Amino acid sequence: MEKAVALAKRLHLNHVPLVNLTDHNAILVYTEKGLQIQLKQNKNNKSHVTLHVDFLSDSLNYRRQHGGGIKQALARAVGVKPGKRPSILDVTAGLGKDSFLLASLGCKVRMIERSLILGALLYDGLERAEKSQYFKEIINSKLTLSQGDAIAIMNTDCHKIYDTIYLDPMYPHSGKSALNKQEMRIIRKLVGDDDDSDKLLDTALISAKKRAVVKRPKGAPLLNSVSPTHTIKMKNSRYDVYMI
Ligand SMILES: C[S@@+](CC[C@H](N)C(=O)[O-])C[C@H]1O[C@@H](n2cnc3c(N)ncnc32)[C@H](O)[C@@H]1O
């Protein structure tokens with residue numbers, strides 16, 4: 001209850017004890033699984049969807065153990081090589097999955113997230129993962145989170161500090177988009193379409209020491225029409241790699 005009161009105050013939200021979701025479109029609630037956002041599916045529907053950050057989830061564990069290690073596309077795109085672990089600035093942290101994976105591979109990663117709600121979910125996820133002896137080490141030594149707009153943060157305190165700047169902005173919705181996963185639909189409801197992604201790439205290209213990497217759905221146009229140095233293609237998406 002204390003945590004809920006403090007969070008509501010920090011995010012300027014109403015604190016309503018023993019809330020019933022049917023009275024609200026969305027609530028943030030502390031459950032036994034940690035902090036969750038619960039959203040009504042639609043106005044007439046009493047069912048709801050939930051989202052929370054779980055660095056210890058089976059799917060992330062699977063990705064960590066069987067995703068290909070340093071040979072997987074994400075690792076190669078950001079410049080991981082045998083004996084080489086670039087420092088990473090992830091300017092679109094979201095649920096922190098990509099960052100956590102890169103930190104698990106040994107990279108030092110700073111995440112930036114501008115949505116206060118996703119930021120709160122991320123802090124909560126980090127706090128819970130820290131309780132595991134194994135992940136405590138990774139989280140304490142490799143992963144940090146800054147809350148705010150990444151363009152402003154890059155302009156003030158990230159100039160030529162991080163080897164790689166990683167961008168995975170929301171892709172504008174177009175009918176049957178690739179973003180069909182439920183969690184992406186919830187994130188879209190929370191943060192919208194990231195309309196400033198072109199500027200995010202511009203700023204990343206000025207700020208990165210060695211490379212900027214953009215994740216895009218397969219077939220999506222280039223960010224800001226800037227051609228990458230090379231591209232790593234996957235089944236449904238690709239990484240555009242810009243060497244500085
Ligand atoms: C598609 S999600 C990223 C998913 C993430 N790669 C993961 O592994 O969970 C995009 C996120 O980037 C954030 N974002 C977009 N532009 C941003 C900016 N200029 N500053 C900070 N966060 C930004 C959005 O709020 C959203 O949470």
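Is Tyr166 buried or exposed? Tyr166 is buried, because its relative accessible area is 0%, under the 20% cut-off. The notes below concern a predicted model.

1. **Tyr166 and its partner.** The ring of Tyr166 pairs with that of Tyr239. Their centres are 6.4 Å apart. Their planes stand at 50 degrees, so the pair is tilted. Tyr166 sits in strand β7 (residues 164-167) and Tyr239 in strand β10 (residues 237-243). The pair therefore ties together parts that are 73 residues apart in sequence. Tyr239 also counts as buried, at 3% relative accessibility.

2. **Aromatic pairs overall.** There are four aromatic pairs in the structure. One of them joins Phe100 and Phe135. Here the ring centres are 5.3 Å apart. The planes are at 45 degrees, so this pair is tilted. Phe100 belongs to helix α4 and Phe135 to helix α6 (residues 133-142). Parts 35 residues apart in sequence are therefore tied together.

3. **Burial of that pair.** Phe100 has 0% relative accessibility, so Phe100 counts as buried. Phe135 is at 6% and counts as buried.

4. **The ring cluster.** Phe100 and Phe135 belong to a cluster linked by ring pairs. Phe55 and Tyr134 are in that cluster too.

5. **Helix α4.** Helix α4 spans residues 97-104 and is mostly covered. Six of its eight residues are buried. They are Asp98, Ser99, Phe100, Leu101, Leu102 and Ala103. After α4 comes Gly106. Its phi is positive, near 110 degrees.

6. **Helices α7 and α9.** Two packed helices are described by the angle and the distance between their axes. For α7 (residues 150-157) and α9 (residues 197-207), the axes come within 10 Å. They cross at roughly 20 degrees. That angle is under 35 degrees, so α7 and α9 are roughly parallel to each other. The crossing is left-handed.

7. **The α7-α9 contact.** On the α7 side, the contact is made by Ala150, Ile151, Met154 and Asn155. On the α9 side, Lys199, Leu200, Thr203, Ala204 and Ser207 take part. By class, the contact residues divide into five nonpolar, three polar and one charged.

Terms used. Residues are numbered from 1 along each chain as its sequence is written. This is a predicted model: local features need pLDDT of at least 70, side-chain atom pairs count only at pLDDT 80 or more; totals for chains, interfaces and linings use all residues. Side-chain values use heavy atoms; hydrogens and water are left out. Buried means under 20% relative accessible area, exposed over 50%, partly exposed in between (1.4 Å probe, protein chains only). Helices (H or I, at least four residues) and strands (E, at least two) are DSSP runs, numbered from the N terminus. Axes are lines fitted to C-alpha atoms, for helices over the stretch in contact, and angles run from 0 to 180 degrees between N-to-C directions. Angles under 35 degrees count as roughly parallel, over 145 as roughly antiparallel, 65 to 115 as roughly perpendicular and the rest as oblique. A crossing is left-handed if the near helix is turned anticlockwise from the far one by less than a right angle, and right-handed if clockwise. Contact means heavy atoms within 4.5 Å. Ala, Val, Leu, Ile, Met, Phe, Trp, Tyr, Cys and Pro count as nonpolar, Asp, Glu, Lys and Arg as charged, and the others, Gly among them, as polar. Rings of Phe, Tyr and Trp (its six-membered ring) pair if their centres lie within 6.5 Å; planes under 30 degrees apart count as stacked, over 60 as edge-to-face and the rest as tilted.
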